[in-house]
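Please read these notes with the sequence and the model open beside them, taking one point at a time.

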Amino acid sequence: HLLRNKKIPELPQRILDEQVGMARKIAELGKLPGNPKFYYTAMDEAHCKGEPYWSEQIRLFRTIKENVPELMTFGSESERSYRRSAAYMDIPNLFEVPDFNRITGVKEIWSYPNQAMLKTGANNNAGRFCTGLLPSITPLKGILPWMVMHGHENSTFRADPWEMLVARGLGGFHVIPRIVTVLGEVGLADQRYFATLRKLIAEAKEGSSAQRKEAARQQAILDMVVEGTRPSYMYYYNNGHFPAETFCTLREKLVDGILRLQELRK
């Protein structure tokens with residue numbers, strides 16, 4: 001906050017030393033059997049902070065990578081901000097990207113779609129698109145919805161459909177899956193069908209004459225789906241998301257292709 005409000009020109013050295021020490025501890029924890037994978041992140045969402053915040057974020061990530069190179073760095077950015085810190089960012093968690101296929105030279109790409117996920121009732125299939133077709137046609141490996149605790153101020157969905165942590169009457173909280181979770185699960189099913197068809201096509205290309213012919217037919221359908229799908233959730237945010245009928249039609253095409261290729265394998 002001091003950087004953001006321009007009260008100080010740079011991070012104190014003691015802060016950098018503390019962060020390097022923490023990064024080393026995180027890296028050691030990640031080596032223990034059974035532990036999950038850990039990433040280092042700090043000073044998120046640098047797209048709107050300005051200087052000296054931008055320069056100091058880059059200096060912090062550079063310091064971490066120089067001292068603890070085995071620990072992967074992870075940061076939330078717009079594409080414009082990410083380009084400044086790309087040399088020290090292993091896993092960018094991006095939003096407002098016109099084409100996720102343009103992001104190269106990183107170990108993984110994640111995205112955190114904003115309230116576009118569920119802005120209006122008519123567009124609530126955005127969650128399905130962001131977890132289904134979008135990762136299928138781009139290198140995206142993770143989707144983290146930005147807002148899951150409350151509705152956007154102009155949303156027809158208020159707190160209830162968004163809320164995931166619900167207060168218990170006797171104290172504490174419990175987790176209730178809401179619409180964003182359900183649509184995300186539906187999207188994962190779309191992604192599974194897409195990946196299955198792509199795998200079967202690759203196998204059929206090495207098979208019999210009938211299999212190769214059907215593989216070419218299904219490849220043309222898959223190419224049509226890819227070509228007709230914009231590699232950015234922001235496009236659909238600004239121009240309208242796929243209606244439910246389109247999702248149903250696309251899934252029918254994928255499933256039909258899977259069944260045809262599986263039948264030819266018998």
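The points below go through a helix, a loop residue and several aromatic rings.

1. The model is predicted, and local features need pLDDT of at least 70, side-chain atom pairs count only at pLDDT 80 or more, while totals for chains, interfaces and linings use all residues. Residues are numbered from 1 along each chain as its sequence is written, and side-chain values use heavy atoms, with hydrogens and water left out.

2. Helix 10, at residues 244-265, has 22 residues and reaches 32 Å from its first C-alpha to its last, close to the 32 Å expected at 1.5 Å a residue. That expected span is 1.5 Å times one less than the number of residues, and helices (H or I, at least four residues) and strands (E, at least two) are DSSP runs, numbered from the N terminus.

3. Which residues of helix 10 are buried? They are Phe-247, Leu-250, Leu-254, Gly-257, Ile-258 and Leu-261, where buried means under 20% relative accessible area, exposed over 50%, and partly exposed in between (1.4 Å probe, protein chains only). Seen down the axis of helix 10, these buried residues fall within an arc of 100°, so they line one face of the helix; the arc is that of the directions from the helix axis to the C-beta atoms. On the other side of helix 10, Glu-245, Glu-252 and Leu-259 are exposed.

4. Thr-138 is found in the loop between helix 5 (133-137) and strand 4 (140-143), and it counts as buried because its relative accessibility is 8%. Leaving aside residues up to four places away in sequence, Thr-138 touches Phe-100, Asn-101 and Pro-231, contact meaning heavy atoms within 4.5 Å.

5. The structure holds 10 aromatic pairs, in which rings of Phe, Tyr and Trp (its six-membered ring) have centres within 6.5 Å, with planes under 30 degrees apart counted as stacked, over 60 as edge-to-face and the rest as tilted. Tyr-39 and Trp-110 form an edge-to-face pair, 5.7 Å centre to centre with 90° between the planes. This pair links distant parts of the chain, since Tyr-39 is in the loop between helix 1 (13-29) and helix 2 (53-67) and Trp-110 is in strand 3 (residues 109-111), 71 residues apart. Tyr-39 counts as partly exposed at 22% relative accessibility, whereas Trp-110 is buried, with a relative accessible area of 16%.

6. Ring pairs also link Phe-129, Tyr-235, Tyr-236, Phe-242 and Phe-247 into a cluster, and Phe-247 is also one of the buried residues of helix 10.
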